[in-house]
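Hi everyone, thanks for coming. Have a look at the structure on the screen, and I'll walk you through the places where the ligands sit.

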Amino acid sequence: MQRRQITVDLTAALERGELSLLYQPVVDLETGRIVGFEALARWDHPTRGRLPPSDFVPAAEESQLIAAIDLHVLRRACVEARALGHTTLAVNMSPVTLRSTGVIRRILETMRETGFDPRRLEIEITESAVLLPSPEVQTGLDDLRDTGVRLALDDFGTGYASVVHVRRFPISKIKIDKDFIFKLGQDPDAAAIVEYKVRVGRSLGIIVTAEGVETPDQLRFLRSIGMQEAQGYLFAPPLPLAAAVAMLEREAEGGPLLVPTAPGDV
Ligand code: C2E
Ligand code: MG
Ligand code: MG
Ligand code: MG
């Protein structure tokens, strides 16, 4: 019942423009520079305030409304991200969206209509999209890649996806889930697992990104094992567009880098 209500409310929310986007910077750990932003959806609910995706994405997935939401987010992000220079724009897509009919065509239409360069776009998919791929999803993802759109495997390590799955899909990045990053320094296994993934990524020519970096100790460790990119509260939380633009401007004006580049100087 509650989920049904959420779906009804969400449909109206889409029409009323109550979904907004925050942008979290992605930092290149070698140069210390912002190389991209991940768009993260929020629902500005008329009575409940600003809601995170965990409050509405599951209900939207059950009702298939998620495809409309993900495409709405994509369109909006493509328009707004014109203000973000040449950085990569990462957008999340539910496996339900990827399996829905005509979605690849609509993604391409959105790029064309907004004039957004497909080579700047990265679509983040989760493991469940690559574990049980329908032939349509497999072909769709190949078609997308042919246009220059990149694919990132989100939350890597939380399910059962392995290197085999990464190989079968045109994936150019894996994002290591924040649960593994949180455990660094407490759980020796976590450190070994993260290090292993960085090594595998490198040998496959895939960029590896760490999610949920919150402390200088985590950052030090990640740099010591050659992690290429990171995202997390240590650098910045998800930001309103204007604040994201301001961060890029500060960087361009020679402001301090998010990651000090001198060795050992974190
Ligand atoms: P995700 O794609 O793995 O995004 C990362 C999540 O980690 C975000 O949560 C972000 O705010 C949070 N985060 C970033 N840095 C830190 C940190 O240092 N510490 C901690 N504790 N958290 C951090 P958020 O924004 O609540 O989004 C949650 C999930 O919802 C996302 O996980 C993504 O799977 C999904 N999502 C977000 N936007 C969309 C969307 O437009 N469509 C779909 N289908 N899913 C979305
Ligand atoms: Mg993501
Ligand atoms: Mg993630
Ligand atoms: Mg995650």
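First, some bookkeeping on residue classes: Ala, Val, Leu, Ile, Met, Phe, Trp, Tyr, Cys and Pro count as nonpolar, Asp, Glu, Lys and Arg count as charged, and the others, Gly among them, count as polar. By those classes, the shell around ligand 1 has 9 nonpolar, 5 polar and 9 charged residues.

Before we go on, this is a predicted model, where local features need pLDDT of at least 70 and side-chain atom pairs count only at pLDDT 80 or more, while totals for chains, interfaces and linings use all residues. Residues are numbered from 1 along each chain as its sequence is written, chains are lettered from A and ligands numbered from 1 in the order in which they are written, and side-chain values use heavy atoms, with hydrogens and water left out.

OK, ligand 1. It is surrounded by 23 residues, where "near" takes a heavy atom of the residue within 4 Å of the molecule. The closest are Arg42, Asp70, Asp154, Glu214 and Tyr233.

Now the polar contacts, meaning pairs of N or O atoms within 3.5 Å; within protein, one must be able to donate a hydrogen and the other to accept it, and residues adjacent in sequence count only if both atoms are side-chain atoms. A nitrogen of ligand 1 is 2.7 Å from an N or O atom in the Asp70 side chain. One oxygen contact, at 3.0 Å, goes to an N or O atom in the side chain of Asn92, and another, at 2.8 Å, goes to a polar backbone atom of Tyr233.

Which elements give two or more residues to the shell around ligand 1? They are strand S2 (34-45), helix H3 (66-80), strand S6 (150-156) and helix H9 (178-183). These are DSSP runs numbered from the N terminus: helices are H or I with at least four residues, strands are E with at least two. S2 gives the most, with 4 residues.

Next, the metals. Donors are N, O and S atoms within 2.8 Å of the metal (3.2 Å for Na, K and Ca), and water is not among the atoms, so sites may look incomplete. Which residues coordinate the magnesium ion called ligand 2? Glu38 (OE), Asn92 (OD1), Glu124 (OE) and Asp154 (OD) do, at 1.9 to 2.3 Å. Of these, Glu38 in strand S2 and Asn92 in strand S4 (residues 88-92) are 54 residues apart.

Asp154 bridges the two magnesium ions, ligand 3 and ligand 2, which lie 3.9 Å apart.

Last bit, the backbone. Most residues other than glycine have a negative phi. Asp155, in strand S6, has a positive phi near 55°. Gln64 has a positive phi too, about 70°, and lies in the loop between helix H2 (57-62) and H3.
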